[in-house]
Amino acid sequence: QSYVTDAFGVEVDGRTNVATEAGKFAASVDKIFTAGDMHTGQSLVVKAIRQGRDCAREVDEYLMGYSNL
């Protein structure tokens, strides 16, 4: 929904998903990350779970400077 992306002020791509660099989960606004349907659109649950784990690793690295995930 656009009200979510508007509320956080993040950029969206041509498919109205939150825009990120290829292979990354950080949005255009500092400290905002995205995964799953808001990152790549509707897809398989298994793919969303994988992205959630990958996003958690990126957030951990952002916060701690490294990740054990």
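Asp54 is partly exposed, with a relative accessible area of 24%. Here buried means under 20% relative accessible area, exposed means over 50%, and partly exposed lies in between (1.4 Å probe, protein chains only). The model is predicted: local features need pLDDT of at least 70, side-chain atom pairs count only at pLDDT 80 or more, and totals for chains, interfaces and linings use all residues. Residues are numbered from 1 along each chain as its sequence is written, and side-chain values use heavy atoms, with hydrogens and water left out.

Side chains of opposite charge can pair when their charged atoms come close. A salt bridge was counted when a side-chain nitrogen of Lys or Arg lies within 4 Å of a carboxyl oxygen of Asp or Glu. Searching the whole structure gave two salt bridges. Asp54 pairs with Arg50, and their closest N and O atoms are 2.9 Å apart. Arg50 and Asp54 both lie in helix H3, four residues apart, or about one turn of the helix. Arg50 is partly exposed, at 42% relative accessible area. Asp54 also forms a salt bridge with Arg57, at 3.1 Å from N to O. These two residues are three residues apart in helix H3, so about one helical turn separates them. Arg57 is partly exposed, at 27%. Shared partners join Arg50, Asp54 and Arg57 into one network of salt bridges.

The protein chain holds three helices and zero strands. Its elements run α-α-α from the N terminus on. The radius of gyration is 12 Å, close to the 11 Å that the globule rule gives for 69 residues, so the chain is as compact as a globular protein of that length. That radius is taken over C-alpha atoms, and the rule is 2.2 Å times the number of residues to the power 0.38. Helices (H or I, at least four residues) and strands (E, at least two) are DSSP runs, numbered from the N terminus. The C-alpha trace spans about 35 × 30 × 20 Å along its principal axes. Of the 69 residues, 19% are buried.

Aromatic contacts were examined next. Rings of Phe, Tyr and Trp (its six-membered ring) pair if their centres lie within 6.5 Å; planes under 30 degrees apart are stacked, over 60 edge-to-face, and the rest tilted. This rule gives one aromatic pair. Phe33 lies in the loop between H1 and H2 and Tyr62 in helix H3 (residues 45-64), so the pair ties together parts 29 residues apart in sequence. Phe33 is partly exposed at 22%, and Tyr62 is partly exposed at 39%.

The loop between H1 and H2 also contains Gly14. Gly14 is exposed, with a relative accessible area of 81%. From Gly14 to Leu44 the separation is 30 residues in sequence and 21 Å in space, C-alpha to C-alpha.

On a 1 Å grid over the protein atoms alone, a pocket is an open set of points where a 1.4 Å probe fits, with protein on both sides within 12 Å along at least five of seven lines; lining residues have an atom within 4 Å of a point. The largest pocket has a volume of about 220 Å³. Its lining includes Gln1, Val12, Asn17 and Asp37. Helix H1 (2-8) and helix H2 (37-40) each supply at least two lining residues. H1 gives the most, with three.

Notes:
Grid points are joined across faces, edges and corners, and a volume is the space filled by probe spheres set on the points.
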